[in-house]
Amino acid sequence: MDNCPDTASPGRRRFLQSTALGVAALPAAMLGATASAKDAAADAIKLPPSILALQPVASQVVPITDAERRARLARAQELMGRFRMDAIYLDGGTTLDYYTGMRWWTSERLMGMVLPRSGDPVYVTPAFERSRALEQIRFGHDVRTWQENESPYALVAQVMRERHAGTGVLGIEEKVPFFRATGLAEAMPQVKLVPATPVTAGCRAIKSPAELALMQVACNATLALYKAIWQGLEPGMTQQYIAAWVEAGYARMGLRGDASINVGEFTAQPHGSREPQVIREGTPVMLDDGCYVEGYMSDLTRTFTLGKASDKMKRVFDIVRKAQRAALTAAHPGATMESVDAAARKVITDAGYGPGYTYFSHRLGHGIGMDMHEWYYLVQGNTRRIEPGMTFSDEPGIYIPGEFGVRLEDDMHVGADGARWFTPQSPSIEQPFG
């Protein structure tokens with residue numbers, strides 16, 4: 001689900017923070033320990049056979065190569081020239097991982113990278129973290145350190161002067177904290193600070209075949225988990241009970257992930273509720289969220305019932321299903337991003353669930369890749385045109401307050417001849433996996 005670009009529920013934030021390492025980063029010994037722990041977990045929470053049947057996905061994972069990352073750095077420098085930036089500054093986080101493979105998460109202490117328009121990256125790190133930084137650095141060898149009583153911003157300013165950019169333009173990654181950008185500006189009053197988004201998004205929004213392959217594994221894993229959950233559900237279960245299945249199921253695949261589970265009238269809230277909920281025969285159940293595979297994410301939603309659904313639920317499901325397919329058809333190279341949202345919204349409005357955001361209360365979708373929500377957004381007012389290699393969620397919904405909601409979400413990737421989903425569309429509310 002995509003409602004906000006950079007904010008989510010506390011549970012999802014914990015998930016994002018705790019799953020920085022993909023399955024391919026797990027050593028064989030750890031995978032073995034995980035396997036032995038599975039049986040104990042199964043006894044403790046009574047996993048159904050469908051969850052126990054899930055298998056590790058490590059053999060399907062091909063990590064991003066250093067050669068591809070070098071190409072990303074070169075592409076960033078090409079874009080810096082096009083957008084007239086002398087350098088860009090990146091904090092620890094997803095974009096640093098994207099370019100260098102360094103998995104280093106930001107704090108109040110500056111640890112980041114300056115990428116000049118030409119030449120190797122320059123790293124700035126606390127002196128006591130130097131050895132830990134060197135363990136991960138694979139591109140360039142220029143590491144500048146600062147002591148706790150010194151200014152790291154002065155080091156960045158020094159790098160800019162050395163690159164003859166002391167009066168130039170420095171691009172700042174959008175997720176750099178405001179206090180950090182302020183510190184950089186004060187240390188370099190003659191340097192113009194601009195958003196680095198044309199460079200960072202210009203690279204990350206276009207996925208390579210290797211990236212698409214990792215996203216495919218993640219999407220397949222999430223769909224397999226959802227199906228296993230559906231096969232094991234029984235009336236009377238709570239969402240907390242199912243959450244234990246989610247954790248155990250992903251663990252059996254060698255992954256970490258999360259899922260929000262909402263039931264009945266709570267499915268009419270796009271992001272659900274924390275209220276206690278019990279699964280009943282014939283009431284809708286909504287599963288949402290995804291997992292990481294080697295740093296790349298899935299984001300899928302399935303809405304279904306146990307047993308018979310009402311005629312109204314079936315009708316709403318079919319409308320949402322048609323809207324989802326209309327969006328897929330509209331998502332081709334050259335189409336504006338708002339036109340994809342409009343294609344899905346027209347189906348829903350024409351069926352009587354309009355106008356505008358009355359029942360379909362959020363945008364159609366978001367970019368996805370190393371972050372669950374990244375550039376760009378399929379929403380009214382976004383006239384940016386779609387390019388081959390872009391990836392998005394496709395997630396229309398109808399939410400009827402006090403009754404129920406239906407959302408279907410699959411991730412799609414755009415090729416030269418149009419868009420395709422990573423996962424097959426859900427066929428019906430009673431048989432969601434065919």
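1. R302 sits in strand β11, which spans residues 300-305; helices (H or I, at least four residues) and strands (E, at least two) are DSSP runs, numbered from the N terminus. This is a predicted model, in which local features need pLDDT of at least 70, side-chain atom pairs count only at pLDDT 80 or more, and totals for chains, interfaces and linings use all residues. Residues are numbered from 1 along each chain as its sequence is written, and side-chain values use heavy atoms, with hydrogens and water left out.

2. R302 counts as buried because its relative accessibility is 0%; buried means under 20% relative accessible area (1.4 Å probe, protein chains only). The side chains of R302 and D410 are joined by a polar contact of 2.7 Å. A polar atom of the R302 side chain also lies 3.0 Å from the backbone oxygen of P424.

3. Leaving aside neighbours within four places in sequence, I229 is in contact (heavy atoms within 4.5 Å) with I51, I242, W245, V246 and L287.

4. H373 is in the loop between β12 (365-367) and β13 (374-378). With 7% relative accessibility, H373 counts as buried. Its C-alpha atom is separated by 9.5 Å from that of M297, 76 residues apart along the chain.

Technical notes. Buried means under 20% relative accessible area, exposed over 50%, partly exposed in between (1.4 Å probe, protein chains only). A polar contact is a pair of N or O atoms within 3.5 Å; within protein, one must be able to donate a hydrogen and the other to accept it, and residues adjacent in sequence count only if both atoms are side-chain atoms.
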